[in-house]
Amino acid sequence: MTKVTMSVNGTERSGEVEGRTLLSAFLRDTLGLTGTHVGCDTGQCGACTVHVDGKSVKSCNMFALEADGASVTTIEGMANDDGSLGVIQQAFQDHHGLQCGFCTPGMVMAAAALLKENPKPSEAEVRAWLSGNLCRCTGYHNIVKAILAASGQDVSKEFAA
Ligand code: FES
Ligand code: FES
């Protein structure tokens, strides 16, 4: 076992991991941050999307050891400091951008990465960006609406880490 330390949602967190421990497993099982979902464990569904050093990453595609020393943001870090929903989360609620909610953490994290890179994306750009995130409820139309509604707003909080 090897000790890893990383900043997670602005707080330094450590734990013991095996070489094969995935970042998704470390976040969920060691740190208890179960908002990061695991749908496939093979890099296809995007449910496990988090940000590592400001970039969108599928956390089942990365070993925890690779994130040693990194700054990680999970869905738990997307709320405002007072516990209210962040801009993108609020837009998902307002536009019914979720059904069962399983894909939602990954969708929100992917959306935040898009809006950081492209604050005013077109609908086509949103749809292209989400190609790596699957919604098994197939609620894509409202997910896209939510992201377009959040676009152009200040999402800097979403990238505080
Ligand atoms: S659980 Fe990581 S992409 Fe599906
Ligand atoms: S809301 Fe159910 S998987 Fe997307």
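Let's start with a helix pair: α2 (residues 87–94) and α5 (residues 140–150) pack at an angle of about 135°, and their axes are 8 Å apart. Helices here are DSSP runs of H or I with at least four residues, strands are runs of E with at least two, and both are numbered from the N terminus. Axes are lines fitted to C-alpha atoms, for helices over the stretch in contact, with angles running from 0 to 180 degrees between N-to-C directions. This is a predicted model, where local features need pLDDT of at least 70, side-chain atom pairs count only at pLDDT 80 or more, and totals for chains, interfaces and linings use all residues. Residues are numbered from 1 along each chain as its sequence is written, while chains are lettered from A and ligands numbered from 1 in the order in which they are written.

The angle makes α2 and α5 oblique to each other (under 35 degrees is roughly parallel, over 145 roughly antiparallel, 65 to 115 roughly perpendicular, and the rest oblique). On the α2 side, V87, I88, A91, F92 and D94 meet A146, A149 and A150 of α5; contact needs C-beta atoms, placed from the backbone, within 7 Å. That contact has seven nonpolar, no polar and one charged residues. Ala, Val, Leu, Ile, Met, Phe, Trp, Tyr, Cys and Pro count as nonpolar, Asp, Glu, Lys and Arg as charged, and the others, Gly among them, as polar.

Now for the sheet. Five strands make an open sheet with mixed pairing, in the order β2-β1-β5-β3-β4. β2 (11–17) and β4 are the edge strands, each pairing on one side only. From one strand to the next, the twist averages 40°. Strands pair if DSSP finds at least two bridges between them; β3 and β5 (residues 71–73) pair in the antiparallel sense over two bridges. H51 has T73 in β5 as its bridge partner. Helix α3 (residues 104–117) lies across β3 and β4, at about 40° to β3.

Next, the domains, whose bounds come from an automatic or database domain assignment:

| Domain | Residues |
|---|---|
| domain 1 | 2–77 |
| domain 2 | 87–159 |

Taken over C-alpha atoms, the centres of domain 1 and domain 2 are 20 Å apart. Across the boundary, 15 residues of domain 1 are in contact with twelve residues of domain 2. On the domain 1 side, β3 (49–52) and β4 (55–58) are the elements that give two or more residues, and β3 gives the most, with three residues. By class, this side of domain 1 has five nonpolar, nine polar and one charged residues.

Terms used
Contact = placed C-beta atoms within 7 Å.
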